[in-house]
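Subject: Structure handover

Hello,

I am passing on the structure we discussed. Please have it open while you read the notes below.

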Amino acid sequence: MRGYEEFEQISEEELWDRYSKTKDQKIRNYFIEKYAPLVKYVAGRVAMNVPNNVDFNDLVSYGVLGLIDAIDKFDPKREIKFKTYAVTRIRGSIFDQLRAIDWLP
């Protein structure tokens, strides 16, 4: 990833520790770019089970909101992998948005 060479030299655990202490936006952006493919993966899995009139790109954008939320709320001290945590948050965000736009109760 361009512009993030300094972070590629640091272990992910140390980077998470640094982010949890400083909330540095550059580190946050690095994580967003690093885990963006995970959003597409989850959106693709969800897309298989929703009607065809739901746009895949909408699912991805809902998932990005979940990824950002996961990054902001992740606690590395809980000893869980970020990907495991993020997949749950991304899926939840996508389903929350789908429920919000559904006009049927």
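A term first: a crossing of two helices is left-handed if the near helix is turned anticlockwise from the far one by less than a right angle, and right-handed if clockwise. In this structure, which is a predicted model, helix 3 passes helix 4 in a right-handed crossing.

The axes of these two helices, helix 3 and helix 4, come within 8 Å and cross at roughly 135 degrees. Helix 3 is therefore oblique to helix 4, because angles over 145 degrees would be needed to count as roughly antiparallel. On the helix 3 side the contact includes Arg28, Phe31, Ile32 and Tyr35, and on the helix 4 side it includes Leu67, Ile68, Ile71 and Asp72. By class, the contact has 14 nonpolar, two polar and three charged residues.

Next, the core. The largest nonpolar core has 29 residues, and Phe31, Ile71, Phe82, Ile90 and Ile94 have the most contacts inside it. Helix 2 (12-22), helix 3 (25-47), helix 4 (56-73) and helix 5 (82-101) each give two or more residues to this core. Helix 3 gives the most, with 10 residues. Leaving aside residues up to four places away in sequence, Ile71 touches Trp16, Tyr19, Arg28, Phe31, Ile32 and Phe82.

Last, two loop residues. Most residues other than glycine have a negative phi. Lys23, in the loop between helix 2 and helix 3, has a positive phi of about 55 degrees. Glu79, in the loop between helix 4 and helix 5, also has a positive phi of about 55 degrees. Lys23 is partly exposed, with a relative accessible area of 38%, while Glu79 counts as exposed at 75% relative accessibility.

Regards

Technical notes: Residues numbered from 1 in each chain as written. Predicted model: local features only at pLDDT ≥ 70, side-chain atom pairs only at ≥ 80, totals over all residues. Heavy atoms only, no water. Core = buried A, V, L, I, M, F, W, Y, C linked by side-chain atoms within 4.5 Å. Buried < 20%, exposed > 50% of the residue type's maximum accessible area, 1.4 Å probe, protein only. Helix = DSSP H or I, 4+ residues; strand = E, 2+ residues; numbered from the N terminus. Contact = heavy atoms within 4.5 Å. Axes fitted to C-alpha atoms, helices over the stretch in contact; angles between N-to-C directions. Parallel < 35°, antiparallel > 145°, perpendicular 65-115°, else oblique. Nonpolar A, V, L, I, M, F, W, Y, C, P; charged D, E, K, R; others polar.
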